[in-house]
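Please read the following report beside the sequence and the model.

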Amino acid sequence: MRLLFATAAVPTHHFTMLPFAWAALAAGHEVCVATGPELAATAARSGLPVVPVGPPGEFDRRNHELLERARTSSGAVRYDPKSAYCEVAAAMLDDLVALARRWRPDVVVWDPACFAAPVAAAVVGALPVRYLWGVDIVGRGATLTERLPESFGELYARYGLDRPADPDWWTLDPTPPATWPVHGRRRSAVRYVPHSPYGRMPAWLFAAPERPRVVVTFGTTTSSEHFAGGSEFTRSPLMRAALGLDAELLLVTRGEEERFAGLPGKVRTVAGAPLSAVLRGASAVVHHGGNGTLLHASFAGVPQLILPGSPEQRLSAEQFAGYRSVRRDDAATATAESLGGHLADLLTPGAREAAAGLRSDMLNAPTPAALLPTLRTAAAARR
């Protein structure tokens, strides 16, 4: 097969699909990645051929514009990232279709933010396969009309195609089935495979901590101010709560250790280390609710406290709230007492047992390589 992987210019979206692309390449299939110019260099370091499509900076610019419109409106405009996704798709669509016409893929694998991809697949008759990077933000409504804005149909109209009434895209979902939308039809579980672009491992991370270790990670786009509740992070309710525990606190930073100088000896920092390695010795993790961190922690079997900031992060926290090992709170309003209660509960044997159950649900999914024979059969039928 020829598999074209199309992704928006967001590194975590690419990293989630990457193990599937590697599995296809290792099985003897041809693989190509199409993405925005700003992600091309990162994608190329994954060892795959990459073709930039669309203008640079489009994804961040459209998302920022949409957020600004939502922030300044009187309530008539509701923030919906899918509107920005359609605008980005309109900008990259011609380049992506041209690539598909030249390369003739059998399958187009796309992340849910890359709405140009199913259109390109329809133009060349390829099998479209959605590969989720986390909780399905497009899968909440029962019909396509509820799930996508009107501008989605304009992408098809540009190439003389009718907007599909309710496309039944085959979706590969790395989240546990307990978090899936109830109406999903063609949805297959796929095992989440942790991947990180970082590779620096301090030797002390290999040693088991002497006390329970609570990891606080800000993700790749969130700053420490998000967790501060209007104060400096070092004096925030989260820090006061964590320091009140008989535990070691480990801050996963992005090279900003100087901002955390002067903290007590029970606080350590680490930068540039793979999150999967950091979580290996953790007893609990506090994070912003980004899907990459959420799935990393779930796969590692570590209890989690989520302090979401965006609507997507709140949705992810809600979908995982059924697991006893996942707690959520509001960083802006939470107190040291409420956060301390969450953390103390996550350090109990019951929370660890629930986290092990969540990990088991993740491991029950087939590996990306195991899905390739089914994909090949479906692509042949499509042709």
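Strand β5 (residues 127–131) and strand β6 (residues 170–173) run parallel to each other and are paired over three bridges, where two strands pair if DSSP finds at least two bridges between them. Within this pair, R130 has T171 of β6 as its bridge partner. Strands (E, at least two residues) and helices (H or I, at least four residues) are DSSP runs, numbered from the N terminus. This is a predicted model, in which local features need pLDDT of at least 70 and side-chain atom pairs count only at pLDDT 80 or more, while totals for chains, interfaces and linings use all residues. Residues are numbered from 1 along each chain as its sequence is written, and side-chain values use heavy atoms, with hydrogens and water left out.

The two strands belong to an open sheet of seven strands with parallel pairing, in the order β3-β2-β1-β4-β5-β6-β7. Because β3 (50–52) and β7 (187–189) stand at the edges with a single partner strand each, one side of each is left without a neighbour in the sheet. From one strand to the next, the twist averages 25°.

The angles in the table run from 0 to 180 degrees between N-to-C directions, and the axes are lines fitted to C-alpha atoms, for helices over the stretch in contact.

| Helix | Strands it lies across | Angle to β1 |
|---|---|---|
| α1 (residues 11–26) | β1 (2–7), β2 (30–35), β4 (107–110), β5 and β6 | about 175° |
| α4 | β1, β2 and β3 | about 170° |

Helix α4 (residues 81–103) bends by about 50° at M92, the bend being the angle between axes fitted to the seven residues ending at a residue and the seven starting there. Just after α4, R104 takes a positive phi of about 55°.

The structure holds zero disulfides, a disulfide being a pair of cysteine sulfur atoms within 2.5 Å.

H288, in the loop between β11 (284–287) and α10 (291–300), is also buried, at 4% relative accessibility. A polar atom of the H288 side chain lies 3.4 Å from the backbone nitrogen of G290. Leaving aside neighbours within four places in sequence, H288 is in contact with residues including T217, F218, H226, F227, L307 and Q313.

Methods
Contact means heavy atoms within 4.5 Å. Buried means under 20% relative accessible area, exposed over 50%, partly exposed in between (1.4 Å probe, protein chains only). A polar contact is a pair of N or O atoms within 3.5 Å; within protein, one must be able to donate a hydrogen and the other to accept it, and residues adjacent in sequence count only if both atoms are side-chain atoms.
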